[in-house]
4 protein chains.
Amino acid sequence: MTITPGTPEPVTTAGDPIPAPTDPIPTSKATPPDVVRCAYMELVVTDLAASREFYVDVLDLVVTEEDENAVYLRSMEEFIHHNLVLRKGPVAAVAAFAYRVRTPEDLDRAVEFYTELGCRVERRAQGFTKGVGDSVRVEDPLGFPYEFFYEVEHVERLAWRYDLYTPGALVRIDHFNQVTPDVPRAVKYMEDLGFRVTEDIQDEAGTTYAAWMRRKPTVHDTAMTGGDGPRMHHVAFATHEKHNIIAICDKLGALRRSDCIERGPGRHGVSNAFYLYLRDPDGHRVEIYTQDYYTGDPDNPVVTWDVHDNQRRDWWGNPVVPSWYTEASLVLDLDGNPQPLTTRTDDSEMEVTIGADGFSYTRKGDEAQGFKLGAQV
Amino acid sequence: MTITPGTPEPVTTAGDPIPAPTDPIPTSKATPPDVVRCAYMELVVTDLAASREFYVDVLDLVVTEEDENAVYLRSMEEFIHHNLVLRKGPVAAVAAFAYRVRTPEDLDRAVEFYTELGCRVERRAQGFTKGVGDSVRVEDPLGFPYEFFYEVEHVERLAWRYDLYTPGALVRIDHFNQVTPDVPRAVKYMEDLGFRVTEDIQDEAGTTYAAWMRRKPTVHDTAMTGGDGPRMHHVAFATHEKHNIIAICDKLGALRRSDCIERGPGRHGVSNAFYLYLRDPDGHRVEIYTQDYYTGDPDNPVVTWDVHDNQRRDWWGNPVVPSWYTEASLVLDLDGNPQPLTTRTDDSEMEVTIGADGFSYTRKGDEAQGFKLGAQV
Amino acid sequence: MTITPGTPEPVTTAGDPIPAPTDPIPTSKATPPDVVRCAYMELVVTDLAASREFYVDVLDLVVTEEDENAVYLRSMEEFIHHNLVLRKGPVAAVAAFAYRVRTPEDLDRAVEFYTELGCRVERRAQGFTKGVGDSVRVEDPLGFPYEFFYEVEHVERLAWRYDLYTPGALVRIDHFNQVTPDVPRAVKYMEDLGFRVTEDIQDEAGTTYAAWMRRKPTVHDTAMTGGDGPRMHHVAFATHEKHNIIAICDKLGALRRSDCIERGPGRHGVSNAFYLYLRDPDGHRVEIYTQDYYTGDPDNPVVTWDVHDNQRRDWWGNPVVPSWYTEASLVLDLDGNPQPLTTRTDDSEMEVTIGADGFSYTRKGDEAQGFKLGAQV
Amino acid sequence: MTITPGTPEPVTTAGDPIPAPTDPIPTSKATPPDVVRCAYMELVVTDLAASREFYVDVLDLVVTEEDENAVYLRSMEEFIHHNLVLRKGPVAAVAAFAYRVRTPEDLDRAVEFYTELGCRVERRAQGFTKGVGDSVRVEDPLGFPYEFFYEVEHVERLAWRYDLYTPGALVRIDHFNQVTPDVPRAVKYMEDLGFRVTEDIQDEAGTTYAAWMRRKPTVHDTAMTGGDGPRMHHVAFATHEKHNIIAICDKLGALRRSDCIERGPGRHGVSNAFYLYLRDPDGHRVEIYTQDYYTGDPDNPVVTWDVHDNQRRDWWGNPVVPSWYTEASLVLDLDGNPQPLTTRTDDSEMEVTIGADGFSYTRKGDEAQGFKLGAQV
């Protein structure tokens, strides 16, 4: 086809640089570990049977291994031991955001990198979870429990096992999403770690509400969402197609569990992906996600969204429920205790966009109309 | 597969008979016309260019014919002249709900049937719209402008013209939806006219909030929704698959017109169809709809939904925006004047289900939990 | 959108009347039974366990009931007892093509209709299969075992049971397809029975190769395919969407049973549906089918396809394997013995279209090119 | 879900190392350029108007720029100037397989790498095509015209422009496929260039028929297919979902151009992707492709397929047409003259698998059955 330029006006805008943080984390002089991708999350759950039922019987993740304290789960196209660990514990929280690195030597780099930043670092030759070997866990400068590993047990990649697929099959882990008070500070640190920004949300004053960052060439391996933190906003799994996500909703309805659908399904503005947000029995948020775009070129264009653009979070302008902005999971330190929260001091995205004090627009310059028929959440 | 009965408990319940109306419309002694299907709606629009742009450029309906006062539109699989007429007029309203009948003689039956009911009846050998021949229009006992016709111009059925399909192609007109104060009264009259109920919404006291009725073997050709009436709630077009409906939403986002999405997309409980509600430039509501089920057997099971079941209107429990309950289009009498409204005196579905005065449940007997994370519309 | 007429030239042509048969079956003076739809097929299978495994474990049809001699299966949206009966027997064949009729009285009409035609008729108040009551079976004038029934046990319609859906879920029985030597003769009889032609395949001389006929408003409840008969060509089940059919193929691959895929998936020219043909363990052919179009209007346009149009059987011009033309299942008389076959004397569709003696074109008038890159089956 | 190991037996087998080549290309001592991805192909076409019509009007690629000699096309999610150049010329052929590299300095590395291998190398600061800057083209050791570039003009990424999407929208360039006589020799050279094998086809004697290799983490950026070469087998573009590929077939049918469908649609065994092969007006082969899997981990498991496994090329066992094995496009040297072909001396995949001299199985050990009902191509 041939396109008439500028009709309609571009839906996205060229990336505005995220402002430098006012209180930056120093740049480590050490070479960072070469992160390949987000690989698994370790979730602490308070009722292992209920969580197992949710992730195994409802969401159809595959059990690689389990015992009375933990269930190790993977997606259909995965060949490493797990993408999710459910571990029984007294407080619902996240014990690790785990990244795969390129070589065994990257573990040495991880130790150096974080040691130089003054972080607590722990290395275990036998790993922190079953199926994973030599691993490094740190309490990172933002307070998150990050893990780096290379050694891992290979298991059958079930990609061709269509006899096992279900209508809502989850095929890959896609990304993490973290809540942190100062997004520019987090971004600068993550860039030092080798991540690159693909999209972000700002306002005209440069206040940054969220940023998406990647190693693998998708929109993200993790995102930083502005809010009281450190907390875990969600972990996301990918499906092949959009109808798979709809099938998950339909199944939840049939099971009379539609109340675990928090938001969606919908189309994101940011990432251009089709999405759904669920809440597990502990309230941990899980996103189901499909069809973002390739970002692997070195000069991949960054997209900056205006915080007041009502299509940034949902391309169809459907409302974001307040709980999605305010609720998130605790994260643990390396002793297993919840990290205390630091309050966000920058503006809150929820407050500047919805309710009596905020505003959003469908068409820039057309703010007077309110943003949505009937959407006065 | 083999099913273990009763696990989970049935999601729908056997039809409860809709109570007899307290103020019934008498049964006409005449044989009713044999209605084949809902065939087209004539909409009066206040800005013909804006409406044409919405239905032709955005929704990709096919122009069969047009002049300065009217646009005649059809869907991709249609072979009759039109499924929608946009006619320029001073007040946004519906001029006709038009049904195809089986034979030319059914027009005589329509005249007799409505004459005996004391309704105003007008017959025009040349039809009321282009492309349609001998037709009968009536002001029916509920105040709606109903049309019956057999003669119609055939046009190319574009079903095989995949060079013309767009991602959100509308392939059939599916149904009408009418607002009327007394649903049992409307149902009894429609049954006299030959329609059959497929699903309905009631409460434990038998108050009936809505009923779906069909001639063709889908869930409906029209539905009666309780509210101040006569008004037109929506007209619905079908797509082939669910992704076509998502494509319409995506296109509206790209055009910065997402604010015409009123509700959805979602899965209905009633009808089991995948849906989306849009509002056209005059506020007329259009549903996009796909995948209900075959209802053509004489003993097709009626499904009755509990008005408090939060999955009846949206199977995923997503909230229904208040405008969807309260707003609807005026309908015209045969002189082209808006019909006055009669107020519903039975309970309002919106009031008994949402907000401070209503309640809904996800699981019967589990009402205490509220109905949805964050869905406090 | 607006269409420029005639660009490209119409893909289908107006229906050419099917020639009158030279050896017609007399028209019964009795009123025919009012057939609602094709409802179930009774298949005789030689290895019940193998057939059960195919239909239940591979195709995921739902077991309503079973014993050591028979399995009663239904589709996800069905509410009557079964759509398919697998009955153990010595010779793979079809014991009944069963149609639902509108009223109990239609059984009397069936008896009269066929008695007057000189056919063998048997009526059983308790039915011929479990779950079905008062029924009439006949050896019809073409030699097929037709059944008519009204009384039937209702079972749970699983339409909303998304916890039970599988990726390739079959949701409805759609149609039968019968092989008979003289298509015009068969059509005339079926029209007497109340069926209407929707599409057919002819050549310029009027030789008729196949015809599709309906009662419910889809393209067909049964089709007549020219060939030695009476035989059963296939029974078809519908899915919701095209990806469901692809999922069945993918599963067959995973099970290392791809050799039961005989033809497809593809898009039909005739019917415009997306299709797949499988062969069960006895060689009975099953079609999986989705997305034909509404045909319920009394003047629904008939489409006649040129037998030499290479897109009539597969819209993408993919080759039809010879077995699809030549192989079909025996049918039984009311004593359970296979009906002898009568040879077709008209031209064979296979011979006039493929191989050294036939020809097909992609574009009319462009016959010289052969019909398909590499498709020299 | 929980999986019972080994039921059915694994559909794929662990990678067998591809044998070392008997006549290896020496390993360059220079550091290879860091290739990011396959980025565009330059095709020489003999009738520019006909080719433009095919790629722009039928396949809906986006025209970035054009003049009387060339058309520059991109896919919907692309942000670089083009993914395909159609250039008018006397002989249909491929002028360049172009790869994006990570930095401008990688061009120096490309020059060194190929100079040391004794290849002809040409560098142009202004690029070889519009929209691309400093570039290196080489006649590589296998005879292919490879290009490496970093500098490129950015254009609008149309990912969010759903007003422009068509039912068969191509969203990314996915890979190249090259025909070369000695696959192990080609693989060794490509590994030296930094590519990694993801899947391959071998027989029990180690004869290697094809290998897939990647830089970006999909199954491939290019594949090496055994045959007389150097030739170009195909260039592939990705869609979002499977129905998009079906829509392309449907459109070709509507345009009466189904004879450009050479093979498919189908599911590949190798890559697990859904595919379609078309032939453009010059016979250049284009694949449409969707849904392979992530391969970015350093120890991504290699999958080796048995050449006799009838599901390796089509997971559903559908036959591969002979033209797909035998026909391919010429490639040009840097003067624009077609490269002479070297004959493959190893066994031909076609001859060992189909026809009188070959065999394939659906189930290993079950060879006697032939491989497919009716598939005697």
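A salt bridge is a side-chain nitrogen of Lys or Arg within 4 Å of a carboxyl oxygen of Asp or Glu. One such pair joins A:Arg267 and B:Asp250, with 2.7 Å between the closest N and O atoms. The model is predicted, so local features need pLDDT of at least 70 and side-chain atom pairs count only at pLDDT 80 or more, while totals for chains, interfaces and linings use all residues. Residues are numbered from 1 along each chain as its sequence is written, chains are lettered from A in the order in which they are written, and side-chain values use heavy atoms, without hydrogens and water.

**Interface of chain A and chain B**

- The rule finds six salt bridges across this interface.
- Helix H4 (242-254) of chain A gives eight residues, the largest share of the side that touches chain B; helices (H or I, at least four residues) are DSSP runs, numbered from the N terminus.
- The contact (heavy atoms within 4.5 Å) takes 38 residues from chain A and 37 residues from chain B.
- About 3,300 Å² is buried between the two chains, 52% of it on carbon and sulfur atoms; buried area is the accessible area (1.4 Å probe) that two parts lose on being put together, summed over both.

Note on methods. Helices (H or I, at least four residues) and strands (E, at least two) are DSSP runs, numbered from the N terminus.
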